[in-house]
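Please read these notes with the model open beside you.

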Amino acid sequence: MLKCVKYEVRKILNNPWFYIGVLVAIVLLGISTFTVAYAKNHPDVIPDGTVQDLTVSGFHSLQDALNTGSFSLILAVVISVYVCSTFSQGLLKNELVCGFSRQKLFLGKYVATLIVSDIAALVVMLGSFIIGSVLGGVGEAGTSRLVLNLVAQIVLMNGYASIFFFVASLVKKTLPAVLVNLFLPTVIGTILSYSELLFHSKVHLYRVWLDVLAADLFHVTTEHLNYAFYFIVAIVYCVVFAAASAVSVKKVEV
């Protein structure tokens, strides 16, 4: 199993799409941070009374690094391309011939996807910290539990990665998988927000959606946040969609 995971990790890291995605995420963060820094230094370009709400610093950018939405979108593209290439390029048949069982092969791909997603998140966080520090100084952490906060963010990103992996495994075609994964989070968020009306605000399904949980972590204002809840929900996402992915490829033709 470990051999299979290592093989898949190397395959992803050897794909230029991974580096393009990480670079795009950092560039977008740089543009966003520079825009905020410019507005902060030129209060005449924004409405009165809002400049004091603008913050630019290394620690602030670090905690906010995965907040732009660009990271999850880039994950959607990179994971879709990686998984679908297994089907479109005939790699699955060759890999099965090499002795990997179908379940072990896709479990290895799934674990490799999470590992590389975590690596990408750490690189983006580091890049965001450097950009924020250059433009606004190192600053101070927004919470004394910063490390726990960042780890929780990364685990939530694994939830996104699990959904994208499942969709790509189910669809199997690169372009359709990319399109579905790009729009699916927005669609799910919209449906869950309308569920408030359906249940007359008595059942808060939207509270367990990844976007909402991530927003709590990005903008944490209390030291008493129950991080266990965020870890548990993220792990449930990973387990559910890993199982769904395994079922989706159980009888796929090679």
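How far does α7 reach from its first C-alpha to its last?

1. Helix α7, span. The 26 residues of α7 reach 38 Å from first C-alpha to last, close to the 38 Å expected at 1.5 Å a residue. The expected span of a helix is 1.5 Å times one less than its number of residues. Helices are DSSP runs (H or I, at least four residues), numbered from the N terminus.

2. Basis. This is a predicted model, in which local features need pLDDT of at least 70, side-chain atom pairs count only at pLDDT 80 or more, and totals for chains, interfaces and linings use all residues. Residues are numbered from 1 along each chain as its sequence is written, and side-chain values use heavy atoms, with hydrogens and water left out.

3. Helix α7, surroundings. α7 is mostly covered, with 21 of its 26 residues buried. Buried means under 20% relative accessible area, exposed over 50%, and partly exposed in between (1.4 Å probe, protein chains only). Lys172 follows α7 and has a positive phi, near 75°.

4. α7 against α10. Helix α7 (residues 146-171) packs on helix α10 (residues 227-248) at an angle of about 20°, and their axes are 8 Å apart. Axes are lines fitted to C-alpha atoms, for helices over the stretch in contact, and angles run from 0 to 180 degrees between N-to-C directions. The two helices are therefore roughly parallel (angles under 35 degrees; over 145 is roughly antiparallel, 65 to 115 roughly perpendicular, the rest oblique). The residues of this contact are 17 nonpolar, seven polar and no charged. Nonpolar covers Ala, Val, Leu, Ile, Met, Phe, Trp, Tyr, Cys and Pro; charged covers Asp, Glu, Lys and Arg; the others, Gly among them, are polar.

5. α9 against α10. Helix α9 (residues 210-218) packs on α10 at about 150°, with the axes 11 Å apart. That makes α9 roughly antiparallel to α10.

6. The loop between α9 and α10. His224 lies here. Is His224 buried or exposed? His224 is exposed, with a relative accessible area of 72%. The C-alpha atoms of His224 and Arg145 are separated by 9.7 Å, and the two residues are 79 apart along the chain.

7. Helix α1. Its 12 residues (2-13) should span 16 Å at 1.5 Å a residue, and the end C-alpha atoms are 16 Å apart, which agrees. Cys4, Val5, Glu8, Val9 and Ile12 are the buried residues of α1. They sit on the same side of α1, because they cover an arc of only 130° around the axis. The arc is that of the directions from the helix axis to the C-beta atoms. Exposed Leu2 and Lys3 are on the face turned away from the buried side.
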